[in-house]
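Subject: Structure for you to look at

Dear colleague,

I am passing on the structure we spoke about, and my notes on its pockets and aromatic contacts follow below it. Please keep in mind while reading that this is a predicted model.

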Amino acid sequence: MKSLLFLLFSLFLITTDAQNIYSKAYGNQQNPAVIFIHGGPSGNATLFEGTTAQKLADKGFYVIVYDRRGEGRSKDENAIMTFKESFEDLNQLYNTYHIKKAHILAHSFGGIIGTLFTNEFPEKVQTLTLVGALFTQQKTYDHILKQAKEHFKNDAAQLQEISEIENLDKNSAGYRKRCYEIASKLNFFNMPHPTPESKNLRAEYEASEFYRNNIRNHNSPIKFYQNEPLNNLDNTSVLKEIKRKGIPLFAVYGKHDGIFSEKQLNNLKNIVGKKNFKLIDNCSHYLFVDQQDEFFKFIELTLK
């Protein structure tokens, strides 16, 4: 009985260099492993875990979620927020859960980490799926500011703010932060027409322990931009290299995720292949909540 329970559910605090990394596994160990990489910096996996992880496991996957070192529930004042550190945490997940290969689901900024990890450790990745993930960061910021200029063309104060942002160091935490603040003003992260299903998912999440543990370390972006020399990346060539290595690439995005331009998404579709790319209607950045059924359909088709 105890072994059966372990197969169905497991929770670990992973010790890495004396630091605790929060992680939890859902489903049967014998099923294909899926690792979810959350967004950020200053993110966590609570929304995915609270709305999606168990349901995805019920469809025949062994789903592993975790919060990166120094972010969310993996508190660590000494975390330095570099890609190398993120890779160490991911590799420790493989060891802890006795995984040789896994499907990577990478959301938002997690897409940058997932892409770089896959390129560096291709032997550990079955597939890489970009889920509303960043891949050409400066083009995303340019698109946000271009849309903002058009939207606020008759608002002198907002246009002045946009001009100030454009004059910031583009490789700084402040530039990134203010671009996303503008995107939030434009409702770029919200689905246009919330459905009863999406409203229920949000309400259930906000009433759950996961929402109560929605911990944000607001120093994470500052540390990342101080300590990680590789930032504001264009991973187009890296994705092409991953494809050359024979690792299947998939991409699923919200049609109304305002932080990506049509040109960006068309370029990504050309890289991963038309059959491996999906745009979901009435859907924005958090597509596993906005349109969960459509998200699951894509994942089941591609990962199995």
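The residues that line the largest pocket divide into 17 nonpolar, 13 polar and six charged, and the pocket itself holds about 890 Å³ of space. There are 36 lining residues, of which Pro41, Ser42, Arg176, Arg216 and Tyr286 are the closest to the centre of the pocket. Helix 2 (46-57), helix 7 (173-185), helix 8 (196-206) and helix 10 each supply at least two residues of this lining, and the largest share, six residues, comes from helix 7.

The second largest pocket has a volume of about 270 Å³, and of the 17 residues that line it, Lys255, His256, Asp257, Phe260 and Leu265 are the closest to its centre. Two or more residues of that lining are given by each of helix 5 (137-151), helix 12 (262-272) and strand 8 (277-280), with helix 12 providing the largest share, four residues. By class, the lining of the second largest pocket has six nonpolar, seven polar and four charged residues.

Turning to the aromatic residues, the structure holds 23 aromatic pairs. One of them is formed by Tyr62 and Tyr97, an edge-to-face pair at 6.4 Å centre to centre with 75° between the planes. Tyr62 lies in strand 4 (residues 62-66), whereas Tyr97 lies in the loop between helix 3 (83-96) and strand 5 (102-107), so the pair ties together parts that are 35 residues apart in sequence. Both Tyr62 and Tyr97 are buried.

Phe117 and Phe121 form a tilted pair, at 5.0 Å centre to centre and 35° between the planes. Phe117 is buried, with a relative accessible area of 0%, and Phe121 also counts as buried, because its relative accessibility of 17% falls under the 20% cut-off. The charged end of Lys124 sits over the ring of Phe121, 5.6 Å from the ring centre, and likewise over the ring of Tyr94, 5.3 Å from the centre of that ring. Elsewhere in the list of ring contacts, Phe36, Phe48, Phe288, Phe295 and Phe296 are linked by ring pairs into a cluster.

Gln226 and Asn171 are 55 residues apart in sequence, and their C-alpha atoms are 9.9 Å apart in space.

With best wishes

Terms used:
Residues numbered from 1 in each chain as written. Predicted model: local features only at pLDDT ≥ 70, side-chain atom pairs only at ≥ 80, totals over all residues. Heavy atoms only, no water. Phe/Tyr/Trp six-rings, centres within 6.5 Å; stacked < 30°, edge-to-face > 60°. Buried < 20%, exposed > 50% of the residue type's maximum accessible area, 1.4 Å probe, protein only. Lys NZ or Arg CZ within 6 Å of the ring centre and 35° of its normal. 1 Å grid on protein atoms, 1.4 Å probe; cavity = no way out; pocket = protein on both sides within 12 Å on 5 of 7 lines; lining within 4 Å. Points joined across faces, edges and corners; volume = space filled by probe spheres on them. Nonpolar A, V, L, I, M, F, W, Y, C, P; charged D, E, K, R; others polar.
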